[in-house]
Amino acid sequence: MQETPVSAITSYHAHIYFRDDAERKVAMEIRQAIGECFAVALGRVHDRLVGPHTAPMYQVAFNVEDFPSLVPWLMLNRGGLSILLHPNTRFQKEDHLTTSFWLGDRLPLINTDQLEDEAEPEGRVVPNTVPTREA
Ligand code: ZN
């Protein structure tokens, strides 16, 4: 087995999907709660399909040290939505397809040939939220 050190992970993404108006409403409630509880980079809400994603979604970028608090929070509070969690390493394609995991329904990914096999890793996440309460 080719072993990869954990230090290869520079940050993580959570992609939070919504497939109809009811799910969009839940997704926006989750988005607000994440912003209140965690220092993360909340991405724009994409109502149209972007990148490899097959449902509207928004991205939450977070630093390695926030994994043990944010991911369990998402487990408990995903409101039935599908969430893709993936590490960011130099290998975007593997990050999305091989070393990722899903909460809820697994959705297909498309156009994955546009993901780079080996890219510059994303650096530390610069949060655009300031927590105001405990998770
Ligand atoms: Zn991502």
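In what order do the strands of the open sheet stand? The order is S2-S3-S1-S4-S5, with antiparallel pairing. The model is predicted: local features need pLDDT of at least 70, side-chain atom pairs count only at pLDDT 80 or more, and totals for chains, interfaces and linings use all residues. Residues are numbered from 1 along each chain as its sequence is written, and side-chain values use heavy atoms, with hydrogens and water left out.

**View 1. The whole chain: 3 helices and 5 strands.** Helices (H or I, at least four residues) and strands (E, at least two) are DSSP runs, numbered from the N terminus. Along the sequence the pattern reads β-α-β-β-α-β-α-β. The radius of gyration, taken over C-alpha atoms, is 14 Å, close to the 14 Å that the globule rule gives for 135 residues, so the chain is as compact as a globular protein of that length. That rule is 2.2 Å times the number of residues to the power 0.38. The C-alpha trace spans about 40 × 30 × 25 Å along its principal axes. Buried residues make up 42% of the 135 residues; buried means under 20% relative accessible area, exposed over 50%, and partly exposed in between (1.4 Å probe, protein chains only). The chain exposes about 7700 Å², and carbon and sulfur atoms supply 51% of that area. Accessible areas come from the Shrake-Rupley method with a 1.4 Å probe; for residues, only the protein chains shown count as cover. Contact means heavy atoms within 4.5 Å. Among contacts between residues at least 6 apart in sequence, 69% join residues at least 24 apart.

**View 2. The open sheet is built from 5 strands.** Two strands pair if DSSP finds at least two bridges between them. Strand S2 (41-46) and strand S5 (101-103) stand at the edges, each with a single partner strand, so one side of each has no neighbour in the sheet. From one strand to the next, the twist averages 20 degrees. Helix H1 (residues 21-37) packs on the sheet and touches S1, S2 and S3. The direction of H1 makes about 165 degrees with that of S2. Axes are lines fitted to C-alpha atoms, for helices over the stretch in contact, and angles run from 0 to 180 degrees between N-to-C directions.

**View 3. Strand S3 pairs with S1 and with S2.** Strand S1 (residues 11-17) runs antiparallel to S3, and 6 bridges join them. Tyr12 has Phe62 as its bridge partner in S3, while Tyr17 stands opposite Met57. On the S2 pairing, 4 bridges link antiparallel strands. There, Leu42 stands opposite Val60 in S3. S3 is mostly covered, with 5 of its 6 residues buried.

**View 4. Val60 sits in strand S3 (residues 57-62).** Why does Val60 count as buried? Val60 counts as buried because its relative accessibility is 0%. Leaving aside neighbours within four places in sequence, Val60 has contacts that include Tyr12, His13, Ala14 and Ile16. Val40, Ala41, Leu42 and Leu70 are also among them. Thr99 lies 39 residues from Val60 in sequence and 17 Å away in space, C-alpha to C-alpha.

**View 5. Three histidines coordinate the zinc ion: His13 (ND1), His15 (NE2) and His86 (NE2).** The distances are 2.0 to 2.2 Å. Donors are N, O and S atoms within 2.8 Å of the metal (3.2 Å for Na, K and Ca); water is not among the atoms, so sites may look incomplete. In sequence the donor residues are spaced H-x1-H-x70-H. His13 and His15 are buried.

**View 6. Ser11 lies in strand S1.** Is Ser11 buried or exposed? Ser11 is buried, with a relative accessible area of 0%. Not counting residues up to four places away in sequence, Ser11 touches Phe62, Val64, Pro87, Asn88, Glu122, Gly123 and Val125.

**View 7. Leu103 is found in strand S5.** Leu103 is buried, with a relative accessible area of 11%. Which residues does Leu103 touch, not counting residues up to four places away in sequence? Leu103 touches Leu74, Met75, Arg78, Leu81, Ser82, Ile83 and Leu85. Leu103 and Leu85 are 18 residues apart in sequence and 7.8 Å apart in space, C-alpha to C-alpha.
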